[in-house]
Amino acid sequence: MTDLLPLMAAKYNYWIYTILMMTGLYAMIAKNNLVKKIIGMNIFQTAIILFYVSIAYKTGGTLPIIMEGGHGGGHGAINAADYINPLPHTLMLTAIVVSVATMGVALALAIKVYRQYGTLEEDDINHQIRTQAGQ
Amino acid sequence: MELLYSIKPLAAILVSFFVVPIIFSSKSENVREAWTFLAALLKFAIVLSMLPFVLKGGQIAYSLVEVLPGVAIAFKVDAFGMLFALVSSSLWIVTSMYSIGYMRSLKEHGQTRYYACFALSLSATLGVAFAGNLFTLYLFYEMLSFATYPLVTHHQDKEARSSGRKYLTYILGASIGLVLPAMLIIYTQTGTFEFAPQGFMNGAFSKEATTVLLLMFVFGFAKAGLMPFHSWLPAAMVAPTPVSALLHAVAVVKVGVFCVARVITSVFGTKMLATMGLGTIVCYVASFTIIVSSFIALSQDGLKRRLAFSTIGQLAYIILGIALLSPSGMTGGMLHIAMHAFGKITLFFCAGAIFAASGIKNISEMVGIGRRMPFTMTAFLLGSLSVIGLPPLGGFISKWHLVIGTIESGQIFFLFVLLASSLLNAAYFLPISYKAFFCTDEEAMFEKKVDEVPTWCLVPLCITATCSVIFFFYPQPFLQLAKMTVATIIGAPMP
Amino acid sequence: MTHHFPALLIIVPLLSALIVSAMGWINRRWCFPLAVAALSGALAISVGLLTQVMATGPIAYKMAGWSPPIGITYVIDYLNAPILVVILAVALLNLIAAKTWIEKDFSEKIGAYLALYLLFLSGMVGIVSTGDAFNLYVLLEIGSLTGYALIGLGKERAPLSSLNYLFMGTIGASFYLLGIGYIYIATGTLNMADIASMIPQLAESSTLFLALIICMAGLFVKMALFPMHGWLPNAYSNAPSASAGLIAPLTTKVMIYAMVRLGLTVFTPQFTFSRGMLSEAIVWVAVAAIIAGSLLALMQRRLSRMLTYIIVAEVGYMVGGFWLGNEAGVTGATLHIINDAAMTLTLFLAVSAITWKLGSDKFEDLQGLFGKMPFTMMGFVIAALAVIGIPPTCGFFSKWYLITAGINAGQWAFVGALLFSSLTNAVLFFRIFEIAFFEPFATGHGHHDHGPTFSEAPLTMVVPLIVAAISLIALGLYSGDIVTKLIQLAIPAGIA
Amino acid sequence: MRLLALIAVILTGGLIIFQTGAFPDFGDANAPANTYLSTYYLEHGQADTHAPNIVTSVLADYRGYDTMFETTVVFAAGLACFFLLRRKKVPGGEPRIYRHMPTGITLRIADGGKLPAEDSEVFRRLDTEFVPQQLIIKNTCRIVIPFIQIFALYVIAHGHYSPGGGFQGGVLLAASIILYAISHDLRRAIRRFSEKTAALMGSLGVLIYAGTGALCLLMGANFLNYKALAPLLGVDAVMARSHGILIVEIGVAFAVMAMIIWIYYNLSSAGKHDEGL
């Protein structure tokens with residue numbers, strides 16, 4: 001236990017993202033309402049985005065917008081440790097867009113499901129499907 | 001030994017394959033049957049054209065694409081393959097002729113499909129005969145299973161369905177469940193499938209493993225009908241008689257025994273099996289089948305079913321002969337492929353002729369039928385004598401070699417098996433002919449008026465019956481081919 | 001221009017998707033010909049790439065001109081060149097076969113449908129040809145997102161099935177993304193070749209090992225490996241016929257390709273197969289998948305549902321074969337990607353033609369089908385034989401390598417499962433043949449000449465089906481060449 | 001099921017957390033992730049692309065290919081929502097209710113009755129319910145929307161120098177239209193920015209991106225290598241990259257704006273394109 005606390009303190013970002021991710025995953029598995037599942041999915045994806053962004057952070061670093069130097073300026077002047085890592089941010093811009101797009105399609109499908117069954121509760125839908133199959 | 005690279009074996013196989021679309025697209029019956037004949041004749045001609053070279057001791061090889069590392073779809077025509085190819089391609093001509101008479105007189109449905117599948121089956125049969133390695137053999141073996149399925153179930157009624165189910169369950173179940181794993185195990189150990197006169201196992205397996213593998217092959221090629229993998233054969237008798245005749249007396253079942261013989265001689269090698277003493281095990285399996293099937297045949301009333309059980313026994317003769325591993329035994333076994341084919345096909349033709357002419361299937365209803373169908377029943381008598389193995393018919397020659405073989409190998413037990421079964425054969429065949437001809441007027445179920453089947457049916461069965469007689473006096477080229485094969489096997493050193 | 005083939009391979013479907021989508025609002029008649037032309041062009045390019053690769057070896061293409069690992073690279077090598085050809089051929093054949101379906105089901109939205117179709121394809125092609133681990137994720141999402149839409153407008157329960165597919169797909173893709181993040185933490189790079197070059201120094205890294213597990217877990221969800229297969233049967237069997245023939249052959253296979261790619265050229269075989277426990281556990285899961293898939297298929301009473309469970313079993317074949325970790329296994333798994341795509345395509349094309357004529361694919365409606373639709377059934381029979389694994393169809397050969405691999409590895413359960421599945425497949429398909437061949441039963445004793453009346457599906461459906469069926473035999477006959485000239489060269493050293 | 005899910009989730013989470021011991025600390029500048037590639041981008045980004053915002057230069061140039069597909073994802077989502085939801089005719093028909101704007105009277109048109117013109121300013125079509133006029137909201141939004149749009153253009157154009165770019169700007173533009181649709185009603189928004197415009201503009205946006213890439217290819221360089229555009233733009237290679245980034249950002253903005261609007265149209269009206277939310 002004595003090791004754990006400093007470990008947690010130094011790496012708390014991973015704890016946060018994991019807990020968030022598992023919250024989302026739990027919602028996706030256990031929730032009965034389809035829209036709640038979609039929200040869970042979004043939390044899940046956001047957790048991963050947080051994870052990426054957190055690994056880009058450097059203590060004392062600033063935004064990766066280079067103020068000194070300039071076109072053709074000596075790049076020896078740029079100290080990489082002063083700026084946070086731009087790559088995960090770029091990647092996550094993509095991931096955010098993907099999660100928005102996925103959410104859009106998911107909602108569209110949910111609307112279709114609602115139109116078909118008149119409900120978004122999975123139990124009710126399954127019940128309807130079973131009674132239809134029984135007839 | 002001379003080796004010639006030629007496309008002829010492939011051509012012989014493909015002739016009937018290419019005729020299938022033509023059969024499907026032809027508009028009239030006559031055109032369709034003319035093409036069937038043409039293909040049959042062409043196929044026979046190609047096979048025949050290879051005969052002189054093979055008789056001189058040469059081999060013809062052709063290799064297609066390489067499908068697995070070191071394994072190609074390859075063809076090799078040697079004496080044994082030639083023997084089998086000759087039998088099956090020549091009998092296809094006769095059967096085609098018979099089919100026309102039979103199918104037309106019974107106004108069967110789906111004749112186009114029938115001829116197409118028939119042609120396909122013959123492709124597969126020749127493929128097995130000319131296979132140059134175990135893989136090619138297996139490929140055509142499976143192809144034959146599928147090509148014959150629509151033939152077996154031709155009537156498309158409930159009986160045909162259950163028989164078809166049985167047929168495929170046995171054949172496919174055994175080949176996928178037993179042969180394929182055995183092949184895989186051999187391949188992973190040896191890395192080759194190429195047939196060699198004394199096998200290619202090179203002692204890669206222990207005695208126990210070899211025993212298991214051998215039995216996997218012997219039973220896995222369920223078309224050979226060894227008990228307990230035999231019961232598809234009587235069930236398959238629901239097929240139209242020409243199908244039973246060619247496929248279940250010649251092509252399918254003989255493919256089974258041919259495969260077993262090939263595996264014993266060219267995969268395991270006779271010398272290795274002899275040193276391990278494994279031939280005897282197969283001999284016992286075969287003997288069991290011979291005796292039991294003969295007894296069952298005795299109790300059958302349906303003519304075709306009796307013939308089917310007789311076939312099971314005769315097939316076991318062939319396997320017994322090969323498994324004796326002695327020169328005469330092997331010669332006899334191989335020769336029996338040809339001799340039994342001509343005898344048994346005559347019998348089936350006769351059964352079909354009786355059915356086509358009178359609608360009768362059961363032996364108990366055939367008393368006095370010789371009065372009405374003298375030619376047919378004479379041919380039947382000749383055929384049954386040949387199968388029993390009495391002179392002056394071809395069957396005697398092969399059985400004689402078998403008997404010599406048992407003595408040669410010093411396994412007298414099997415001599416008695418052969419003799420006992422011959423007696424049983426006689427017991428279940430001769431009464432049929434006897435009742436057909438010699439009966440009192442009261443017993444007779446037919447009038448004394450000759451009313452034979454159409455000529456298209458009658459001529460083929462007379463031809464095959466005559467051939468059976470001829471082969472007694474002149475058993476060439478089959479005897480020579482068999483002897484050449486055995487000489488190659490014996491002469492080859494153990495790898 | 002041949003130099004730019006790897007880029008063109010993606011650009012052609014992508015640009016044409018945009019144009020087709022716009023055309024949907026301007027002149028709908030142009031959509032279909034444009035899509036066919038685009039796919040034909042892409043197919044020609046992929047064939048060109050294949051010949052290039054076979055002649056000169058792997059090709060690398062630097063997107064935006066930046067060298068790896070700074071930019072994104074596309075790598076066409078012995079492993080993916082044949083798969084690219086197969087993907088595009090499958091898509092083209094299915095598109096032609098689906099013409100009548102698309103016109104019937106989506107006449108109003110044909111532009112959107114075809115644009116989604118082409119985008120799906122550019123996603124699939126991209127996944128297969130990319131050399132960048134993160135780029136693979138983006139393309140994965142393109143493929144999935146369009147896939148959900150293509151499925152969602154199907155029959156009966158399609159929207160719900162598609163939504164469940166979306167949930168599972170997103171979980172899978174997100175896990176993959178997380179795994180890539182772990183790789184990035186450990187190596188600092190995203191380029192596949194670059195990662196592979198660092199693996200030897202990091203062989204003991206537990207982070208990387210966790211990355212491997214998470215990536216693979218994500219892909220397993222996406223490829224519907226038992227027991228994560230629940231979404232697949234519903235999604236595929238309720239999909240519109242036009243989409244089922246595209247998605248069923250490609251999605252799972254491309255995911256398996258991604259698994260092979262990751263295992264062989266990102267993590268390198270030494271690392272991937274270094275933990276025996278993991279490999280063994282996955283093989284056992286695959287065994288379970290094969291057996292469960294086969295048994296579940298036996299329980300179905302609808303053709304398309306039966307096929308979807310066969311897909312579940314086939315996924316088990318490939319996953320198991322790959323994780324046996326020997327040369328034959330990897331060869332078999334890779335070969336089976338190609339073969340299974342072709343087999344599944346043929347089966348689904350046949351089902352689509354049958355459904356077109358009969359309006360149903362329930363078993364009891366298939367009676368007398370051999371007489372009604374002989375050509376369709378011929379294609380179906382060949383595909384069925386391939387699935388069972390009868391030579392000389394292609395299914396036999398991949399199964400051969402897989403079983404050999406099982407024997408070499410001493411993994412007898414896998415061998416047994418494969419044989420069991422072959423036999424079950426035989427039962428499955430012969431049950432259908434019997435229904436289609438025998439029933440309705442002949443009246444009397446075969447004395448009638450008026451069988452079921454001939455009524456075949458339209459030519460645009462039958463011709464692609466027959467082409468696909470013939471390709472199954474051709475793939476079988478040339479499998480020796482495919483293995484020796486492509487796949488064996490693709491397998492890196494270090495595999496037993 | 002819930003308990004099972006909880007156990008599974010806790011196990012997975014535990015496994016993942018357990019492994020984090022080997023991960024670099026939060027904010028560790030010397031972690032492999034922060035020393036290898038990112039250093040190159042930070043040190044060379046500005047010199048290579050003349051864009052001080054390294055995220056932009058990585059996004060639109062070094063990994064521009066990813067971004068093209070990112071745009072495509074949005075495009076695909078728009079298409080997917082349209083494809084799944086849009087229906088031209090609602091089965092069974094709907095009641096036609098109109099409000100006479102000058103008087104505020106609500107009219108119901110009987111079957112077969114004469115319908116007012118679709119773009120009439122006097123009669124406005126309503127859906128089933130009475131919707132009150134919200135004067136304050138409407139007018140506020142009317143004032144705010146132009147500012148949002150101008151800010152959006154700034155965000156797009158200034159992506160090189162500050163956080164921003166095509167995605168952010170595109171979303172802002174879309175937000176302005178969505179705001180209009182919410183504050184007024186969906187029909188009026190569609191009349192201003194029609195479905196067809198959205199669809200074509202989305203295609204156009206991605207086409208600008210992919211087309212720029214293809215143009216580079218035609219100019220003899222690799223796909224998306226903006227350097228090849230230098231002769232066309234009349235600048236040197238580095239500036240060509242900078243301009244290239246701007247061009248594709250504009251494409252992204254087009255696509256994102258159109259698609260977000262389109263997705264909103266379809267989702268908010270369940271594909272009927274009626275009054276909406």
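In chain A, residues 24 or more positions apart account for 51% of the contacts with a separation of 6 or more, two residues being in contact if their C-beta atoms, placed from the backbone, lie within 7 Å. This is a predicted model, in which local features need pLDDT of at least 70, side-chain atom pairs count only at pLDDT 80 or more, and totals for chains, interfaces and linings use all residues. Residues are numbered from 1 along each chain as its sequence is written, while chains are lettered from A and ligands numbered from 1 in the order in which they are written. The model scores are ipTM 0.86 and pTM 0.90.

**Chain A**

- Chain A has five helices and zero strands; helices (H or I, at least four residues) and strands (E, at least two) are DSSP runs, numbered from the N terminus.
- Along the sequence, the pattern of chain A is α-α-α-α-α.
- Of the 135 residues in chain A, 44% are buried; a residue is buried if 20 or more other C-beta atoms lie within 10 Å of its own, exposed if 12 or fewer, and partly exposed in between, with C-beta atoms placed from the backbone.

**Chain D**

- Chain D contains 11 helices and three strands, and from the N terminus on its elements run α-α-α-α-α-β-β-β-α-α-α-α-α-α.
- The radius of gyration of chain D is 25 Å, whereas a compact globule of 277 residues would have one near 19 Å; the radius is taken over C-alpha atoms, and the globule rule is 2.2 Å times the number of residues to the power 0.38.
- Taken along the principal axes, the box filled by the C-alpha atoms of chain D is roughly 70 × 65 × 35 Å.
- Buried residues form 48% of the 277 residues in chain D.
- Of the contacts in chain D with a separation of 6 or more, 67% are between residues 24 or more positions apart.
- The average pLDDT of chain D is 86, and 94% of its residues score at least 70; pLDDT is the predictor's confidence in each residue, from 0 to 100.
- Among the elements of chain D, helix α5 (residues 64–85) has the highest mean pLDDT (93) and strand β3 (residues 123–126) the lowest (75).

**Contacts between chains**

- Four pairs of chains touch, and the pair with the most contacts is chains A and D.
- The contact between chains D and A takes 54 residues from chain D and 50 residues from chain A.
- On the side of chain D that touches chain A, at least two residues each come from α1 (2–19), α2 (32–35), α3 (37–49), α4 (54–62), α5 and α11 (237–268) of chain D.
- The largest share of that side of chain D, 11 residues, is supplied by α5(D).
- By class, the side of chain D that touches chain A has 32 nonpolar, 16 polar and six charged residues; Ala, Val, Leu, Ile, Met, Phe, Trp, Tyr, Cys and Pro count as nonpolar, Asp, Glu, Lys and Arg as charged, and the others, Gly among them, as polar.
- Chains A and B do not touch, their nearest C-alpha atoms being 31 Å apart.
- Chains B and D do not touch either, and their nearest C-alpha atoms are 39 Å apart.

**Nonpolar core**

- The largest nonpolar core has 547 residues; such a core is a set of buried Ala, Val, Leu, Ile, Met, Phe, Trp, Tyr and Cys residues joined through C-beta atoms within 7 Å.
- The residues with the most contacts inside this core are A:V105, B:L83, B:I319, C:L116, D:A80 and D:I261.
- Not counting residues up to four places away in sequence, B:I319 touches B:A224, B:L226, B:V257, B:V260, B:V282 and B:A286.

- Helix α3(C) is mostly covered, with 16 of its 18 residues buried.
- C:G245 lies in helix α11 (residues 241–266) of chain C, and C:G245 counts as buried because it has 31 C-beta neighbours inside 10 Å.
- Not counting residues up to four places away in sequence, C:G245 touches C:N94, C:A97, C:A98, C:L345, C:F348, C:L349 and C:S352.
- C:G245 and C:T484 are 239 residues apart along the chain, and their C-alpha atoms are separated by 30 Å.
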